[in-house]
Amino acid sequence: MVAGFAAVAGGLLGGRALVGAIGTSVTGPAEASTPAVRRGMAVLPPPSPPAGRVAFPLEPTSDCYVLDNFGDCRSSRLHEGIDIIDARGQAVFAVQSGVMVHRYENTGTAGFGWILRGDDGRVYRFFHLDAFTPGIEVGTRVAFGDVIGTVGSTGNDSPSNVHLHFEVRTLGSGTHWQSVPVDPLPLLEVPSGTRVGPPLRC
Ligand SMILES: [Zn+2]
């Protein structure tokens, strides 16, 4: 059992009970048309972005903070996404319709995470999730705005380091493993009122 995971077990998201990665609840793929409910509050999916742009991947609180840290130094290579700091349990969205092609089962520094192959030809990665949405499996087709999990800190050095690591990658002709990361921030539809930090580059 993973620390932090049990905290959200039994919560409600998208009308489906949240369980840990080893949970057994499978109720079918998420549907964006179904109003999601969490802690008694409606979860609003992001507005559909203009063509070529990328929707904000989580439901922001007023404390949401976007780090401009694509390309920052990491121990073995450059940081291939941006980090969006927000509260544990916030909904994480499919930013495009597409197919969920890989799930990270608390793997290394990724923790729990997803790779989404979007119908727009891009690949999106979401790391450090606290919980997955039951019923979404590898191979599941998701619609834009579907809740695919919640913000957490799995895979990070500290449980208090709660954020979503978010990557946007161009695919070319290869598999999603051969996709190439691009800086998400210039493409991102950042909600008004959400703060963006100064550039962090090594
Ligand atoms: Zn990161």
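Author: Donors are N, O and S atoms within 2.8 Å of the metal (3.2 Å for Na, K and Ca); water is not among the atoms, so sites may look incomplete. The model is a predicted one, in which local features need pLDDT of at least 70, side-chain atom pairs count only at pLDDT 80 or more, and totals for chains, interfaces and linings use all residues. Residues are numbered from 1 along each chain as its sequence is written, and side-chain values use heavy atoms, with hydrogens and water left out.

Reader: What makes His79, Asp83 and His165 donors of the zinc ion?

Author: Their atoms NE2, OD and ND1, respectively, lie at 2.0 to 2.1 Å from the zinc ion, and the limit is 2.8 Å, so they count as donors. Along the chain their spacing is H-x3-D-x81-H. Aspartate 83 belongs to strand 6 and histidine 165 to strand 13 (residues 163-170), so the pair ties together parts 82 residues apart in sequence. Strands here are DSSP runs (E, at least two residues), numbered from the N terminus.

Reader: Why is aspartate 83 called buried?

Author: Buried means under 20% relative accessible area, exposed over 50%, and partly exposed in between (1.4 Å probe, protein chains only). Aspartate 83 has 5% relative accessibility, so it counts as buried. Histidine 165, at 6%, is buried too.

Definitions and conventions
Helix = DSSP H or I, 4+ residues; strand = E, 2+ residues; numbered from the N terminus.
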